[in-house]
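Please look over the fold shown here before reading on.

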Amino acid sequence: MISVSKVLPRAAAVGALLSASGVAHALTFDFTFLGGTTAQAQQGFIDAGARWSTQFSDNATINLTVGQQLLATGVLAQTASATTQVAYSTYRAALVNDMTTANDTSAVAALPAASSFGLLINLTSDNPNGAGSAVPYVDNNSSANNNTIQLSNANGKALGLAVTPQVVGRCNTFCDGSVVVTTSFNWDFNPNDGVAFGFFDFVGVATHEIGHALGFLSGVDLLDRVPGLASNAYTVAPLDLFRYSAQSFASGVTDLTVDSRSKYFSIDGGATAYRGATFSLGLRVDGAQPSHWRDRLRLGIMDPTADAAELLAITDNDKTAFDVIGWNQVAAVPEPHSWALYAAGLAAIRWRWRTRRRG
């Protein structure tokens with residue numbers, strides 16, 4: 001889900017939206033459009049899918065039901081993702097067989113080689129510090145939440161894993177997810193010339209939501225929304241294996257807690273935060289779902305909020321996160337021709353001019 005931000009818009013890099021031409025890739029999207037979705041919105045979803053297709057080369061077809069409907073106040077869009085549970089050992093083995101980048105190698109090497117993993121957690125009914133206590137504790141008893149991964153079906157497809165067909169969200173038949181963008185805001189459907197004052201970036205928001213269906217998920221979302229269950233109720237998503245805090249790193253485990261301590265994205269077992277990237281802490285802490293980057297840091301397309309007139313772009317943080325959970329990142333594209341750079345420069349100048357005019 002992505003929400004409206006209540007602060008003034010901020011500029012984003014226009015050049016990052018330039019797509020690669022002539023790149024061979026096999027990631028495709030099969031969209032089913034909800035009734036009443038305009039031709040402009042349909043093209044916006046197609047353009048959003050194309051952004052992800054230029055980034056990853058996995059031989060997978062992702063089936064999504066998408067469209068526009070009225071959503072709750074302040075919510076720009078939301079996604080329901082089909083998910084499947086697999087044994088951690090199965091998931092890790094799939095990652096080993098899927099390594100294509102140096103980041104993959106580093107990330108997989110940092111994962112426990114055993115059939116289970118430990119995690120730092122709190123707010124559970126079986127917290128040894130007291131039922132529901134906010135004090136974190138290490139859960140490494142090899143029970144269900146220590147040896148199971150709950151991943152999106154799209155992520156499973158990328159890794160060649162068997163997934164459980166499901167009907168979720170607005171889907172009328174089996175799908176990998178459904179994405180709905182609200183009708184209650186003004187939308188700019190062409191980000192190529194910036195985003196107009198008072199309008200929101202439709203393609204950027206659709207890109208964000210498709211990202212959730214592709215696997216930018218967190219088991220911490222449930223702990224944040226419904227605390228007080230037994231620890232086994234809180235399953236771990238692939239991205240959670242790379243979610244750390246200073247305390248969890250010291251304990252040699254990943255971090256699934258909901259509290260104010262910083263949680264960061266790490267592909268070296270928690271030793272460092274990848275490019276300083278951090279995760280949202282929870283609705284009850286910083287107002288954002290944990291299945292997002294920390295807000296207001298310009299970390300990537302998977303930030304939790306968007307501003308009017310903000311141009312949303314996929315960043316290296318986004319691509320690396322998807323790369324290490326099982327997507328195959330396309331190699332960097334050579335420098336674009338001078339005319340493309342010139343066009344990007346003009347777009348950036350236009351964006352800065354708009355920003356200054358708003359005062």
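At what angle do the axes of helix α1 and helix α6 cross, and within what distance do they come? In this predicted model, the axes of α1 (residues 39-55) and α6 (residues 202-214) come within 8 Å and cross at roughly 55 degrees, where axes are lines fitted to C-alpha atoms, for helices over the stretch in contact, and angles run from 0 to 180 degrees between N-to-C directions. The model is predicted, so local features need pLDDT of at least 70 and side-chain atom pairs count only at pLDDT 80 or more, whereas totals for chains, interfaces and linings use all residues. Residues are numbered from 1 along each chain as its sequence is written, and side-chain values use heavy atoms, with hydrogens and water left out.

**Overall make-up**

- The protein has ten helices and 15 strands, these being DSSP runs numbered from the N terminus (helices H or I, at least four residues; strands E, at least two).
- Of the 359 residues in the protein, 53% are buried, a class that means under 20% relative accessible area, with exposed over 50% and partly exposed in between (1.4 Å probe, protein chains only).
- Among contacts between residues at least 6 apart in sequence, 69% join residues at least 24 apart, a contact meaning heavy atoms within 4.5 Å.

**Helix α1 and its packing on α6**

- The two helices α1 and α6 are therefore oblique to each other, since angles under 35 degrees count as roughly parallel, over 145 as roughly antiparallel, 65 to 115 as roughly perpendicular and the rest as oblique.
- On the α1 side the contact is made by A41, G44, F45, D47, A48, G49, R51 and W52, and on the α6 side by F202, V203, G204, A206, T207, I210, G211 and L214.
- By class, this contact of α1 with α6 has nine nonpolar, five polar and two charged residues, with Ala, Val, Leu, Ile, Met, Phe, Trp, Tyr, Cys and Pro counted as nonpolar, Asp, Glu, Lys and Arg as charged, and the others, Gly among them, as polar.
- With 17 residues, α1 reaches 25 Å from its first C-alpha to its last, close to the 24 Å expected at 1.5 Å a residue, the expected span being 1.5 Å times one less than the number of residues.
- The buried residues of α1 are A41, G44, F45, A48, G49, R51, W52, S53, T54 and Q55, and what covers them includes β2 (28-33), β3 (61-68), β9 (177-181), α6 and α9 (316-325).

**Helix α9 and its surroundings**

- Eight of the ten residues of α9 are buried, so this helix is largely enclosed by the rest of the structure; the buried residues are N317, D318, T320, A321, F322, D323, V324 and I325.
- These buried residues of α9 pack against α1, α2 (88-97), α3, α5 (153-159), α6 and β14.
- Helix α3 (residues 102-110) and α9 pack at an angle of about 55 degrees with their axes 9 Å apart, and they are therefore oblique to each other.
- The crossing of α3 and α9 is right-handed, and the contact is made by N103, D104 and A107 of α3 together with T320, D323 and V324 of α9.
- By class, the contact of α3 with α9 has two nonpolar, two polar and two charged residues.
- After α9 comes G326, whose phi is positive, near 135 degrees.

**Residues in the loop between β14 and β15**

- R275, found in the loop between β14 (264-265) and β15 (305-306), has a positive phi of about 50 degrees although it is not a glycine, and R275 is exposed, with a relative accessible area of 63%.
- R296, which lies in the loop between β14 and β15, has a positive phi of about 70 degrees although it is not a glycine, and at 33% relative accessibility R296 counts as partly exposed.
- D268 is found in the loop between β14 and β15 and is partly exposed, with a relative accessible area of 29%.
- D268 and A109 are 159 residues apart in sequence and 7.9 Å apart in space, C-alpha to C-alpha, while D268 touches S106 and A110, not counting residues up to four places away in sequence.

Conventions: Left-handed = near helix turned anticlockwise from the far one by under 90°.
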